[in-house]
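Look at the model first, then read on.

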Amino acid sequence: MSQHERSAAKSGPDGVAVLGATGSIGVSTLRVMALHPKRFQAVALSAFQRVSELREQCLQFRPRYAVVHAVEGAYALQHELDAAGCPTTVLAGPEALEQVAADPAVATVVCGIVGAAGLKSAWAAVAAGKRVLFANKEPLVMSGHLLMDLAAQTGAELLPLDSEHNAVFQCLPPSRVGLGQAGVRRILLTCSGGPFRNTPASAFAAVTPDQACAHPRWSMGRKISVDSATLMNKGLELIEACRLFHAAPEQVDVVIHPQSVIHSLVEYVDGSVLAQLGNPDMRTPIAHALAFPDRIEAGVARLNLPEIGRLDFEPPDETRFPCLRLARQAAITGASAPAVLNAANEVAVEAFLAGRLSFAAIPEVIESVLAARPVVPVETLEAVIAEDEGARRDAQQAVAARGRKGAFA
Ligand code: NAD
Ligand code: MG
């Protein structure tokens, strides 16, 4: 019996808070947890707008808390859950997310909210010394070194759910010494190339949100799908890798691998390159991190290499996909640059999804905001939030300045 199993046997199942339970990551997490009811107990589930889906999840998992955004939604949901005999208490608002993330009954917090909206609850989980499973990469990009420092103080255990970082984590030695000491030469992040891998840049102005969200390999929320189409997702992941693994930007490379079977690799100084493979299904990294260091069934189809036949690789094209270049530059610049990059990207992607900005103009908006804002140190959570808010205002202006000319027809 492993140490983890022994502690589970002594004290019952692990209490899990799933923040962003109704999203793509949240639903996959609950599917894995449902396979292991003796091992994991949902203590808190949260949603933003999909309250009826949250109600169904509460009826199935009977958590102690459900968190919604608006107070009105909370009253209605509480009434429905009470009528169904469900023991859940409904809370509302961003502070409630922080409250459940730090709740003593919670051992593991799954950060599945999208964007900077997940920053404060992730911070609360790390401050409370929890096991924190990070899917929500934006907080790590904005304030990763602060979160890593906080984790070192509180003993929080940060485990990556992002498939690439989970793969890197699996390929690094268990001792978790520094990369240099471990003999690591570089981290190699794989990238599917997104839906426009072979599309000429001249066609980007006419791309619609639905085309951008039609990812060839992964089924995900709309924001990360657009990020995958611009390759900003890989840029954010490059910064995320620097934060999580204490790597310098020049120690992290990106390779296009359209089949998405190798989820990332670690190259050692002796020439060995270790890779983690699997079908592109987030339940694998989720199961890995939920049970770490044990291995549990994830419900995922087994990898059939003869059926896949071949694995291809090519270098990324930073001319057609400038977001990758912008993110690498922000990683090198450091200080406020990653938070500014992230904020400008969130505003530009939202404007694109709302039909107010063309796909081709997304990197233009980000580049103009980065160029105009002075780089400042960000050594507190408040400083990160201030930079985030300032960059959002600048990005809104940059979007408005492009007007209808910037939107697809
Ligand atoms: P999604 O859009 O499917 O789900 C987002 C979740 O966050 C929903 O539950 C929604 O209710 C909640 N939410 C949205 N805005 C909120 C707000 N302002 N306040 C509180 N809650 C809010 O997104 P997703 O695809 O599940 O991605 C979630 C995060 O995980 C993102 O940061 C993404 O980059 C990362 N990620 C996702 C995948 C994937 O396969 N989906 C893979 C790797 C990393
Ligand atoms: Mg990823």
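Which atom of ligand 1 does a polar side-chain atom of Glu138 lie 2.8 Å from? It is an oxygen atom of ligand 1. The model is predicted, and every value below is computed from it.

**The ligand site**

| Residue | Protein atom | Ligand 1 atom | Distance |
|---|---|---|---|
| Ser24 | backbone N or O | oxygen | 2.9 Å |
| Glu138 | polar side-chain atom | oxygen | 2.8 Å |
| Gly221 | backbone N or O | oxygen | 2.8 Å |

On its own, ligand 1 has 820 Å² of accessible area, and the protein covers 88% of that. Two elements each give two or more residues to the shell: α2 (24–34) and α7 (137–154). In total, 21 residues surround ligand 1. Thr22, Ser24, Phe48, Glu138 and Gly221 are the closest. Sorted by class, the shell holds eleven nonpolar residues, seven polar ones and three charged ones.

Where does ligand 1 lie relative to domain 1 and domain 2? Domain 1 spans 3–161, and domain 2 is made of 177–279 + 310–406. Both give residues to the shell, so ligand 1 lies between them.

**Helix α6**

Now to a helix. α6 runs over residues 119–127 and is mostly covered. Of its nine residues, seven are buried. These are Leu119, Ser121, Ala122, Trp123, Ala124, Ala125 and Val126. Gly129 follows α6, and its phi is positive, near 75°.

Notes: Residues numbered from 1 in each chain as written. Chains lettered and ligands numbered in written order. Predicted model: local features only at pLDDT ≥ 70, side-chain atom pairs only at ≥ 80, totals over all residues. Heavy atoms only, no water. Near = heavy atom within 4 Å. Polar contact = N/O pair within 3.5 Å; in protein donor to acceptor, adjacent residues only side chain to side chain. Areas by Shrake-Rupley, 256 points an atom, 1.4 Å probe, with all protein chains shown as cover. Helix = DSSP H or I, 4+ residues; strand = E, 2+ residues; numbered from the N terminus. Nonpolar A, V, L, I, M, F, W, Y, C, P; charged D, E, K, R; others polar. Domains from an automatic or database assignment. Buried < 20%, exposed > 50% of the residue type's maximum accessible area, 1.4 Å probe, protein only.
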